[in-house]
Amino acid sequence: MTYEVKSLNEECGVFGIWGHPQAAQVSYFGLHSLQHRGQEGAGIVANDAGYLRQHRDTGLLSDVFKNQSDLDKLKGNAAIGHVRYATAGRASITNIQPFLYHFTDGQFGLCHNGNLTNALSLKKELEKDGAIFNASSDTEILMHLIRRSHHPEFLGKVKEALNTVKGGFAYLLMTEDKLIAALDPNGFRPLSLGQLPNGAWVVSSETCAFEVIGAKWIRDVKPGEIIIIDDSGVTYDTYTKDTQLAICSMEYVYFARPDSTIYGVNVHTARKNMGKKLAQAFQHDADIVVGVPNSSLSAAMGFAEESCLPNEMGLVKNQYTQRTFIQPTQELREQGVRMKLSAVSGVVKGKRVVMVDDSIVRGTTSRRIVSLLRAAGAKEVHVAIASPELKYPCFYGIDIQTRRELISANHNIEEVCEIIGADSLTYLSLDAMVEAIGLETDAPHGGLCTAYFDGEYPTPLYDYQEEYQRSLEERTSFFIDKVR
């Protein structure tokens with residue numbers, strides 16, 4: 001029997017704006033900058049003088065809004081938007097956000113990045129009270145909790161709901177007269193506030209969207225914080241004082257764009273520092289450094305500088321393919337690797353190559369890239385990973401569902417090295433990664449969630465605890481059987 005942790009596995013992007021006459025168009029540009037965070041679907045809800053309109057569909061943002069008329073119909077000076085992470089079996093428009101709700105006493109749009117660890121319990125409780133869920137996403141839970149609350153004020157209802165849900169979440173909620181942004185008490189997901197030259201306020205999962213639309217970064221949304229934006233300006237509030245920063249370390253390692261800044265740390269700089277520290281731990285002779293495009297290029301740059309080796313373009317990426325890590329099935333992930341990368345024989349032939357990558361998850365991608373380099377004539381291929389070994393599942397919104405999927409949870413470094421066909425395998429240590437990112441905080445683990453590497457989860461696991469305990473007891477030869 002396979003004990004799997006069932007989750008929604010969303011690593012999405014959210015964007016909101018208040019006070020711009022072309023809010024939907026600006027949201028499109030902002031979401032385009034966040035496309036790397038989700039490619040299954042996209043949508044925008046716009047506020048036209050208190051009336052909310054929606055357009056959403058499956059596919060890339062450019063496919064969803066392929067006609068200008070799709071944006072033209074979204075009139076208004078405020079909007080929220082969402083790009084959705086690809087997950088297996090859930091490519092249905094019913095799961096595409098933002099969700100739009102019409103009630104007799106009002107309406108609001110809602111979108112969410114993250115995953116609730118008590119979603120199943122809350123759904124069962126809400127359904128007993130008569131709640132109906134239209135989608136398999138857990139985003140709807142917040143709506144039902146808000147509607148169930150007996151608090152006399154809407155903001156009070158929202159705060160009560162936010163204190164009920166657990167896990168990782170960044171919410172954007174838009175009513176007829178306000179935009180509300182909220183972050184979980186640990187700040188697992190990134191969320192930032194910016195402002196356009198005309199005074200319009202914007203909220204985005206990543207600051208890279210601000211650069212595209214010409215907005216100035218104002219501040220990060222803090223853990224446990226709720227920000228209310230309306231025609232009078234911005235109000236900062238909190239819904240809980242029980243907070244502890246634990247930003248997802250994989251944002252710095254892999255997910256975020258290198259031109260984004262999260263809690264004052266530029267992602268490119270963090271990755272470059274990881275590469276430098278990785279080079280200090282590397283103990284083999286080599287001729288060149290080759291980074292796996294694109295998320296590992298910054299780490300490769302740091303590795304090359306520290307080791308005084310040439311940083312060469314030994315791998316070329318086809319820019320018109322999707323990221324294999326977020327493909328919904330293993331078959332598609334393997335096909336994606338074959339489509340997206342090719343080795344440059346003129347660069348690697350006869351060379352001892354250090355292949356720098358950001359992480360090893362299932363092992364199939366690394367195995368394929370090592371094979372590409374060898375086929376192109378590389379004399380040796382030494383794999384250097386700019387993060388620690390991924391050994392534990394994530395419950396806060398990343399596509400790591402079970403320990404059976406994680407090659408390092410089932411095999412030691414020597415075994416993984418053999419499986420992927422490398423001459424050597426070097427990982428960055430956990431302490432070195434934390435130091436390389438360098439958040440200015442006294443929080444545990446340097447303000448990072450490192451549970452994927454050490455199994456120390458910052459919060460209770462609630463609905464996932466029992467399955468997780470069983471999965472810890474199961475070790476398997478799954479990868480040796482399948483990968484070979």
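## Basis of the model

Residues are numbered from 1 along each chain as its sequence is written, and side-chain values use heavy atoms, with hydrogens and water left out. As the model is predicted, local features need pLDDT of at least 70 and side-chain atom pairs count only at pLDDT 80 or more, while totals for chains, interfaces and linings use all residues.

## The annotated site

An unreviewed UniProt entry carries the annotation "binding site" for Ser295, Asp357 and Asp358. These residues are spread over 64 residues of sequence, yet they cluster in space, with a largest C-alpha distance of 7.9 Å. UniProt annotations may be inferred rather than shown by experiment.

Ser295 is found in the loop between β17 (288-291) and α10 (297-307); helices (H or I, at least four residues) and strands (E, at least two) are DSSP runs, numbered from the N terminus. Ser295 counts as buried because its relative accessibility is 14%, where buried means under 20% relative accessible area, exposed over 50% and partly exposed in between (1.4 Å probe, protein chains only). The side chains of Ser295 and Asp358 are joined by a polar contact of 2.5 Å. A polar contact is a pair of N or O atoms within 3.5 Å; within protein, one must be able to donate a hydrogen and the other to accept it, and residues adjacent in sequence count only if both atoms are side-chain atoms.

Asp357 lies in strand β21 (residues 352-357) and, at 6% relative accessibility, also counts as buried. A polar contact of 2.8 Å links its side chain to that of Ser296. Leaving aside neighbours within four places in sequence, Asp357 is in contact (heavy atoms within 4.5 Å) with residues including Val292, Ser366, Ile369 and Ala384.

## Helix α10

The buried residues of α10 are Ser298, Ala299, Ala300, Gly302, Phe303 and Ala304. They pack against α9 (267-281), β17, β18 (311-312), β21 and β22 (380-385). Cys308 follows α10 and has a positive phi, near 60°.

The structure holds 1 cavity of 30 Å³ or more. On a 1 Å grid over the protein atoms alone, a cavity is a set of points where a 1.4 Å probe fits but cannot get out, and lining residues have an atom within 4 Å of a point. Leu142, Val158, Leu162, Tyr171, Leu173, Ile180 and Ala182 line the largest cavity. Two or more lining residues come from each of α6 (154-164), β7 (167-174) and β8 (179-183).

Notes. 1 Å grid on protein atoms, 1.4 Å probe; cavity = no way out; pocket = protein on both sides within 12 Å on 5 of 7 lines; lining within 4 Å. Points joined across faces, edges and corners; volume = space filled by probe spheres on them.
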